[in-house]
Amino acid sequence: MRAVQVVTLDGPSAVQVREVPEPVRQPEQVLIDVRAAGVNFPDVLQSKGLYQYKPDPPFTLGSEVAGVVREAPDGSPLKPGDRVAAFPGTGAFAEVVAAHADHVLPLPDEVGFAAGACLPMNYLTAHFALLVRGHLRSGQRVLVQGAAGGVGTACVQLAAALGAHVVAVVSTDAKAAVAKAAGAHDTVLVEGFRDAVKALGAVDVVVDPVGGDRFTDSLRCLAPEGRLLVIGFTGGDIPTVKVNRLLLNNIDVVGVGWGGYALGRPGYVAGQWAELEPHLRSGAVDPVISASFPLERAAEALSRIDERQVTGKVVLEVDDPR
(Lines give C-alpha, C1' and ligand atoms only; values in the text may rest on other atoms or scores of the structure.)
Protein backbone atom coordinates (compact mmCIF):
# COMPACT_ATOMS: atom_id res chain seq x y z
CA MET A 1 0.00 0.00 0.00
CA ARG A 2 1.00 3.66 -0.31
CA ALA A 3 1.90 5.52 2.87
CA VAL A 4 3.33 8.94 3.75
CA GLN A 5 6.51 8.34 5.69
CA VAL A 6 9.06 10.37 7.59
CA VAL A 7 12.40 9.01 6.41
CA THR A 8 14.59 11.84 7.72
CA LEU A 9 13.66 14.40 10.37
CA ASP A 10 13.97 17.34 7.98
CA GLY A 11 10.45 18.70 8.04
CA PRO A 12 7.44 18.58 5.73
CA SER A 13 9.36 18.85 2.48
CA ALA A 14 11.26 15.64 3.25
CA VAL A 15 8.27 13.31 3.72
CA GLN A 16 7.93 10.59 1.10
CA VAL A 17 5.09 8.53 -0.31
CA ARG A 18 6.38 4.97 -0.29
CA GLU A 19 5.15 1.44 -0.87
CA VAL A 20 5.02 -0.36 2.48
CA PRO A 21 3.37 -3.57 3.74
CA GLU A 22 -0.23 -3.31 4.86
CA PRO A 23 -0.72 -3.46 8.64
CA VAL A 24 -1.67 -6.79 10.15
CA ARG A 25 -4.73 -6.51 12.38
CA GLN A 26 -4.21 -7.47 16.02
CA PRO A 27 -7.09 -9.16 17.90
CA GLU A 28 -8.25 -5.90 19.53
CA GLN A 29 -7.98 -3.82 16.36
CA VAL A 30 -10.17 -2.82 13.43
CA LEU A 31 -8.66 -2.74 9.94
CA ILE A 32 -9.85 0.29 7.98
CA ASP A 33 -9.63 1.15 4.28
CA VAL A 34 -8.80 4.84 4.52
CA ARG A 35 -10.80 7.38 2.54
CA ALA A 36 -9.49 10.54 4.25
CA ALA A 37 -7.02 11.55 6.94
CA GLY A 38 -6.87 14.75 8.97
CA VAL A 39 -3.59 16.68 8.98
CA ASN A 40 -2.60 18.30 12.28
CA PHE A 41 0.13 20.48 13.77
CA PRO A 42 1.63 17.50 15.67
CA ASP A 43 2.23 15.83 12.28
CA VAL A 44 4.40 18.78 11.32
CA LEU A 45 6.31 18.53 14.58
CA GLN A 46 6.83 14.79 14.10
CA SER A 47 8.30 15.40 10.65
CA LYS A 48 10.97 17.49 12.42
CA GLY A 49 11.46 15.19 15.41
CA LEU A 50 10.06 17.87 17.73
CA TYR A 51 6.97 16.11 19.10
CA GLN A 52 6.89 14.20 22.39
CA TYR A 53 6.17 10.98 20.47
CA LYS A 54 9.46 10.27 18.67
CA PRO A 55 9.45 7.01 16.71
CA ASP A 56 12.58 6.10 14.81
CA PRO A 57 12.38 6.79 11.05
CA PRO A 58 11.02 5.53 8.80
CA PHE A 59 7.49 5.77 10.18
CA THR A 60 4.06 6.61 8.78
CA LEU A 61 2.50 9.91 9.82
CA GLY A 62 -1.10 10.63 10.75
CA SER A 63 -3.38 10.17 13.74
CA GLU A 64 -7.00 10.44 12.55
CA VAL A 65 -8.96 8.95 9.67
CA ALA A 66 -12.32 8.21 8.18
CA GLY A 67 -12.96 5.19 6.03
CA VAL A 68 -14.61 1.81 5.68
CA VAL A 69 -14.18 -1.21 7.95
CA ARG A 70 -12.40 -4.10 6.26
CA GLU A 71 -12.02 -6.38 9.29
CA ALA A 72 -13.29 -6.15 12.88
CA PRO A 73 -12.77 -8.26 16.01
CA ASP A 74 -15.14 -11.09 16.83
CA GLY A 75 -18.09 -9.79 18.80
CA SER A 76 -17.57 -6.18 17.70
CA PRO A 77 -20.64 -4.14 16.76
CA LEU A 78 -18.63 -3.02 13.73
CA LYS A 79 -18.76 -5.07 10.54
CA PRO A 80 -17.05 -4.93 7.13
CA GLY A 81 -18.42 -2.09 5.03
CA ASP A 82 -19.33 0.18 7.96
CA ARG A 83 -18.41 3.85 7.60
CA VAL A 84 -16.26 4.98 10.52
CA ALA A 85 -14.04 7.71 11.92
CA ALA A 86 -11.07 6.60 13.99
CA PHE A 87 -8.12 7.74 16.03
CA PRO A 88 -5.35 5.22 15.36
CA GLY A 89 -2.78 7.60 16.85
CA THR A 90 -0.24 6.82 14.14
CA GLY A 91 -0.12 5.42 10.62
CA ALA A 92 -3.16 7.28 9.30
CA PHE A 93 -1.55 8.73 6.15
CA ALA A 94 -1.91 5.47 4.27
CA GLU A 95 -4.36 3.45 2.22
CA VAL A 96 -5.02 1.05 5.12
CA VAL A 97 -4.70 1.56 8.87
CA ALA A 98 -5.29 -0.52 11.99
CA ALA A 99 -6.90 1.16 15.02
CA HIS A 100 -7.89 -0.06 18.47
CA ALA A 101 -11.58 -0.99 18.36
CA ASP A 102 -12.28 1.33 21.29
CA HIS A 103 -11.14 4.29 19.17
CA VAL A 104 -13.20 3.46 16.06
CA LEU A 105 -16.50 5.34 15.89
CA PRO A 106 -19.56 4.99 13.66
CA LEU A 107 -19.74 7.82 11.13
CA PRO A 108 -23.28 9.17 10.63
CA ASP A 109 -24.57 9.08 7.06
CA GLU A 110 -24.90 12.87 7.17
CA VAL A 111 -21.10 13.26 7.52
CA GLY A 112 -18.76 12.77 4.55
CA PHE A 113 -15.39 11.05 4.82
CA ALA A 114 -13.39 14.29 4.56
CA ALA A 115 -15.35 15.88 7.40
CA GLY A 116 -15.23 12.64 9.40
CA ALA A 117 -11.44 12.60 9.23
CA CYS A 118 -11.38 16.03 10.91
CA LEU A 119 -13.45 15.02 13.92
CA PRO A 120 -11.51 12.71 16.27
CA MET A 121 -8.64 14.88 17.45
CA ASN A 122 -10.08 18.40 17.44
CA TYR A 123 -13.71 17.81 18.29
CA LEU A 124 -13.11 15.25 21.00
CA THR A 125 -10.51 17.65 22.43
CA ALA A 126 -13.06 20.47 22.22
CA HIS A 127 -15.67 18.34 23.99
CA PHE A 128 -13.24 17.38 26.76
CA ALA A 129 -12.01 20.96 27.12
CA LEU A 130 -15.35 22.73 27.24
CA LEU A 131 -17.46 20.25 29.18
CA VAL A 132 -15.08 18.22 31.33
CA ARG A 133 -12.27 20.65 32.10
CA GLY A 134 -14.11 23.93 31.50
CA HIS A 135 -17.48 23.01 33.04
CA LEU A 136 -19.20 25.10 30.38
CA ARG A 137 -22.88 25.84 30.83
CA SER A 138 -25.40 27.20 28.37
CA GLY A 139 -25.51 31.00 28.45
CA GLN A 140 -21.89 31.44 29.52
CA ARG A 141 -19.39 33.46 27.50
CA VAL A 142 -16.42 31.76 25.82
CA LEU A 143 -13.34 33.41 24.32
CA VAL A 144 -11.51 31.30 21.72
CA GLN A 145 -7.94 32.17 20.79
CA GLY A 146 -6.74 31.10 17.33
CA ALA A 147 -10.41 30.82 16.46
CA ALA A 148 -9.91 30.23 12.73
CA GLY A 149 -7.59 27.22 13.20
CA GLY A 150 -8.52 23.56 13.47
CA VAL A 151 -8.90 23.42 17.26
CA GLY A 152 -10.28 26.95 17.27
CA THR A 153 -13.10 26.34 14.79
CA ALA A 154 -13.98 23.09 16.59
CA CYS A 155 -14.28 24.92 19.91
CA VAL A 156 -16.25 27.78 18.34
CA GLN A 157 -18.74 25.38 16.75
CA LEU A 158 -19.19 23.16 19.77
CA ALA A 159 -19.44 26.02 22.26
CA ALA A 160 -22.09 27.69 20.12
CA ALA A 161 -23.97 24.39 19.75
CA LEU A 162 -23.94 24.05 23.56
CA GLY A 163 -25.59 27.45 23.96
CA ALA A 164 -22.57 29.61 24.80
CA HIS A 165 -21.91 33.12 23.53
CA VAL A 166 -18.63 32.87 21.60
CA VAL A 167 -16.05 35.61 21.16
CA ALA A 168 -13.37 34.73 18.60
CA VAL A 169 -9.85 36.18 18.59
CA VAL A 170 -8.24 36.16 15.13
CA SER A 171 -5.30 37.77 13.37
CA THR A 172 -6.98 39.01 10.16
CA ASP A 173 -10.36 40.05 8.82
CA ALA A 174 -10.37 37.00 6.56
CA LYS A 175 -9.95 34.74 9.59
CA ALA A 176 -12.71 36.69 11.35
CA ALA A 177 -15.02 35.67 8.51
CA VAL A 178 -14.03 32.02 9.03
CA ALA A 179 -14.74 32.24 12.76
CA LYS A 180 -18.09 33.93 12.13
CA ALA A 181 -19.06 31.21 9.67
CA ALA A 182 -18.15 28.62 12.32
CA GLY A 183 -20.62 30.21 14.73
CA ALA A 184 -18.79 32.97 16.62
CA HIS A 185 -21.10 35.73 17.82
CA ASP A 186 -18.34 38.35 18.06
CA THR A 187 -14.85 38.57 16.54
CA VAL A 188 -11.93 40.73 17.64
CA LEU A 189 -8.46 41.14 16.18
CA VAL A 190 -5.56 39.88 18.25
CA GLU A 191 -3.90 43.29 18.33
CA GLY A 192 -5.45 44.91 21.41
CA PHE A 193 -7.89 42.07 21.97
CA ARG A 194 -7.95 42.57 25.73
CA ASP A 195 -9.59 46.00 25.50
CA ALA A 196 -11.94 44.86 22.74
CA VAL A 197 -13.10 41.88 24.82
CA LYS A 198 -13.54 44.01 27.94
CA ALA A 199 -15.78 46.34 25.94
CA LEU A 200 -17.93 43.33 25.02
CA GLY A 201 -17.95 41.95 28.57
CA ALA A 202 -15.79 39.58 30.61
CA VAL A 203 -15.86 35.90 29.68
CA ASP A 204 -16.36 32.77 31.75
CA VAL A 205 -14.03 30.51 29.75
CA VAL A 206 -10.97 31.15 27.58
CA VAL A 207 -9.90 28.41 25.18
CA ASP A 208 -6.20 28.84 24.41
CA PRO A 209 -4.45 26.60 21.87
CA VAL A 210 -1.94 29.37 21.10
CA GLY A 211 -0.10 30.33 24.31
CA GLY A 212 2.77 32.76 23.86
CA ASP A 213 2.27 36.44 24.58
CA ARG A 214 -1.54 36.26 24.51
CA PHE A 215 -1.73 34.34 27.75
CA THR A 216 -1.62 37.12 30.35
CA ASP A 217 -4.16 39.30 28.54
CA SER A 218 -6.40 36.25 28.18
CA LEU A 219 -6.36 35.91 31.98
CA ARG A 220 -7.37 39.55 32.25
CA CYS A 221 -10.44 38.87 30.11
CA LEU A 222 -11.88 36.41 32.64
CA ALA A 223 -14.78 37.16 34.94
CA PRO A 224 -14.47 36.06 38.59
CA GLU A 225 -14.42 32.24 38.80
CA GLY A 226 -13.45 32.10 35.14
CA ARG A 227 -11.37 29.30 33.64
CA LEU A 228 -8.53 29.51 31.11
CA LEU A 229 -8.12 26.20 29.26
CA VAL A 230 -4.55 25.45 28.13
CA ILE A 231 -4.78 23.28 25.01
CA GLY A 232 -1.50 23.92 23.22
CA PHE A 233 1.23 26.29 22.17
CA THR A 234 0.99 26.90 18.43
CA GLY A 235 2.39 30.38 19.12
CA GLY A 236 5.68 28.67 19.97
CA ASP A 237 6.35 29.95 23.49
CA ILE A 238 5.07 28.23 26.63
CA PRO A 239 3.82 31.00 28.93
CA THR A 240 4.09 31.17 32.71
CA VAL A 241 1.47 32.43 35.14
CA LYS A 242 1.87 34.64 38.18
CA VAL A 243 -0.35 32.79 40.59
CA ASN A 244 -1.26 35.92 42.52
CA ARG A 245 -3.53 36.76 39.55
CA LEU A 246 -5.42 33.55 40.18
CA LEU A 247 -5.83 34.32 43.86
CA LEU A 248 -6.88 37.95 43.46
CA ASN A 249 -9.54 37.26 40.83
CA ASN A 250 -10.59 33.73 41.85
CA ILE A 251 -9.77 32.31 38.42
CA ASP A 252 -8.35 28.99 37.28
CA VAL A 253 -5.77 27.90 34.71
CA VAL A 254 -6.71 24.40 33.62
CA GLY A 255 -4.67 21.93 31.60
CA VAL A 256 -6.41 20.06 28.77
CA GLY A 257 -4.68 16.84 27.74
CA TRP A 258 -7.39 14.87 25.93
CA GLY A 259 -5.27 12.00 24.61
CA GLY A 260 -3.55 11.13 27.86
CA TYR A 261 -6.87 11.12 29.68
CA ALA A 262 -9.29 9.59 27.18
CA LEU A 263 -7.35 6.96 25.29
CA GLY A 264 -6.49 4.91 28.35
CA ARG A 265 -10.08 4.71 29.60
CA PRO A 266 -12.12 1.99 27.88
CA GLY A 267 -15.38 3.34 26.53
CA TYR A 268 -14.56 6.99 27.20
CA VAL A 269 -14.13 8.04 23.57
CA ALA A 270 -17.35 6.26 22.59
CA GLY A 271 -19.18 8.17 25.31
CA GLN A 272 -17.87 11.47 23.99
CA TRP A 273 -18.85 10.49 20.46
CA ALA A 274 -22.40 9.68 21.56
CA GLU A 275 -22.72 13.19 23.01
CA LEU A 276 -21.36 14.76 19.81
CA GLU A 277 -23.48 12.67 17.45
CA PRO A 278 -26.71 14.75 17.64
CA HIS A 279 -24.68 17.86 16.72
CA LEU A 280 -23.07 15.96 13.82
CA ARG A 281 -26.44 14.83 12.49
CA SER A 282 -27.96 18.31 12.79
CA GLY A 283 -25.00 19.99 11.07
CA ALA A 284 -24.25 22.22 14.08
CA VAL A 285 -20.84 20.54 14.14
CA ASP A 286 -19.39 20.55 10.63
CA PRO A 287 -15.59 20.80 10.32
CA VAL A 288 -14.18 23.76 8.41
CA ILE A 289 -11.95 22.34 5.67
CA SER A 290 -9.70 24.86 3.97
CA ALA A 291 -7.82 22.50 1.65
CA SER A 292 -7.83 18.90 0.48
CA PHE A 293 -4.91 17.06 -1.11
CA PRO A 294 -4.27 13.59 -2.52
CA LEU A 295 -1.88 11.38 -0.59
CA GLU A 296 0.92 12.18 -3.05
CA ARG A 297 0.82 15.87 -2.04
CA ALA A 298 1.15 15.28 1.70
CA ALA A 299 4.32 17.38 1.85
CA GLU A 300 2.38 20.37 0.53
CA ALA A 301 -0.41 19.80 3.03
CA LEU A 302 2.04 19.69 5.92
CA SER A 303 3.85 22.78 4.65
CA ARG A 304 0.61 24.75 4.59
CA ILE A 305 0.22 24.11 8.32
CA ASP A 306 3.89 24.75 9.04
CA GLU A 307 3.70 28.12 7.28
CA ARG A 308 0.51 29.18 9.12
CA GLN A 309 -1.46 29.34 5.87
CA VAL A 310 -4.39 27.30 7.12
CA THR A 311 -7.84 28.10 8.43
CA GLY A 312 -9.82 25.20 9.79
CA LYS A 313 -8.45 21.82 8.72
CA VAL A 314 -6.38 20.28 5.95
CA VAL A 315 -7.30 16.82 4.70
CA LEU A 316 -5.58 14.09 2.70
CA GLU A 317 -8.01 12.09 0.56
CA VAL A 318 -7.44 8.54 -0.67
CA ASP A 319 -9.13 7.30 -3.82
CA ASP A 320 -11.60 4.45 -3.45
CA PRO A 321 -9.93 1.60 -5.39
CA ARG A 322 -13.35 0.44 -6.59
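I take buried to mean under 20% relative accessible area, exposed over 50%, and partly exposed in between. I note that the model is predicted.

**Entry 1: salt bridges from strand β5**

I looked up the salt bridges and found 13 in the structure. I began with the partner of Glu22: Arg70 forms a salt bridge with this residue, and the closest N and O atoms are 2.9 Å apart. Arg70 belongs to strand β5 (residues 64-71), whereas Glu22 sits in the loop between β2 (16-19) and β3 (29-39); the pair therefore joins distant parts of the chain, 48 residues apart. I record Arg70 as partly exposed, at 30% relative accessibility.

I then turned to Glu71. Its side chain meets that of Arg25 in a salt bridge, with an N to O distance of 3.3 Å. Glu71 is in strand β5 and Arg25 in the loop between β2 and β3, so this pair links parts of the chain that are 46 residues apart. Glu71 has a relative accessible area of 35% and is partly exposed. Arg25, at 24%, also counts as partly exposed.

Next I checked Glu64, which forms a salt bridge with Lys313, the closest N and O atoms lying 2.5 Å apart. Because Glu64 lies in strand β5 and Lys313 in strand β16 (residues 313-317), the pair ties together parts that are 249 residues apart in sequence. Are Glu64 and Lys313 buried or exposed? I find that both are buried.

I also noted a network of salt bridges that links Arg2, Glu95 and Glu296.

**Entry 2: Thr125 and helix α3**

I located Thr125 in helix α3 (residues 120-133). With a relative accessible area of 10%, Thr125 falls under the 20% cut-off and so is buried. Which backbone oxygen does the side chain of Thr125 reach? I find that of Met121, at 2.6 Å. Setting aside neighbours within four places in sequence, I list Pro120, Ile231, Val256 and Trp258 as the contacts of Thr125.

**Entry 3: the crossing of α3 and α10**

I followed α3 to helix α10 (residues 268-282): the two axes come within 10 Å and cross at roughly 85 degrees. Angles of 65 to 115 degrees count as roughly perpendicular, and I therefore describe α3 and α10 in that way, as roughly perpendicular to each other. From α3 the contact is made by Tyr123, Leu124, His127, Phe128, Leu131 and Val132. From α10 it is made by Tyr268, Val269, Gln272, Trp273, Glu275 and Leu276. I sorted the residues of this contact into nine nonpolar, two polar and one charged.

**Entry 4: Ala147**

I placed Ala147 in the loop between β9 (141-144) and α4 (150-161). Its relative accessibility is 0%, so I count Ala147 as buried. Leaving out neighbours within four places in sequence, I find Ala147 in contact with Gly152, Thr153, Val156, Ala168, Val169, Val170 and Ala179.

Definitions and conventions
Residues numbered from 1 in each chain as written. Predicted model: local features only at pLDDT ≥ 70, side-chain atom pairs only at ≥ 80, totals over all residues. Heavy atoms only, no water. Helix = DSSP H or I, 4+ residues; strand = E, 2+ residues; numbered from the N terminus. Buried < 20%, exposed > 50% of the residue type's maximum accessible area, 1.4 Å probe, protein only. Polar contact = N/O pair within 3.5 Å; in protein donor to acceptor, adjacent residues only side chain to side chain. Contact = heavy atoms within 4.5 Å. Salt bridge = Lys/Arg side-chain N within 4 Å of Asp/Glu carboxyl O. Axes fitted to C-alpha atoms, helices over the stretch in contact; angles between N-to-C directions. Parallel < 35°, antiparallel > 145°, perpendicular 65-115°, else oblique. Nonpolar A, V, L, I, M, F, W, Y, C, P; charged D, E, K, R; others polar.
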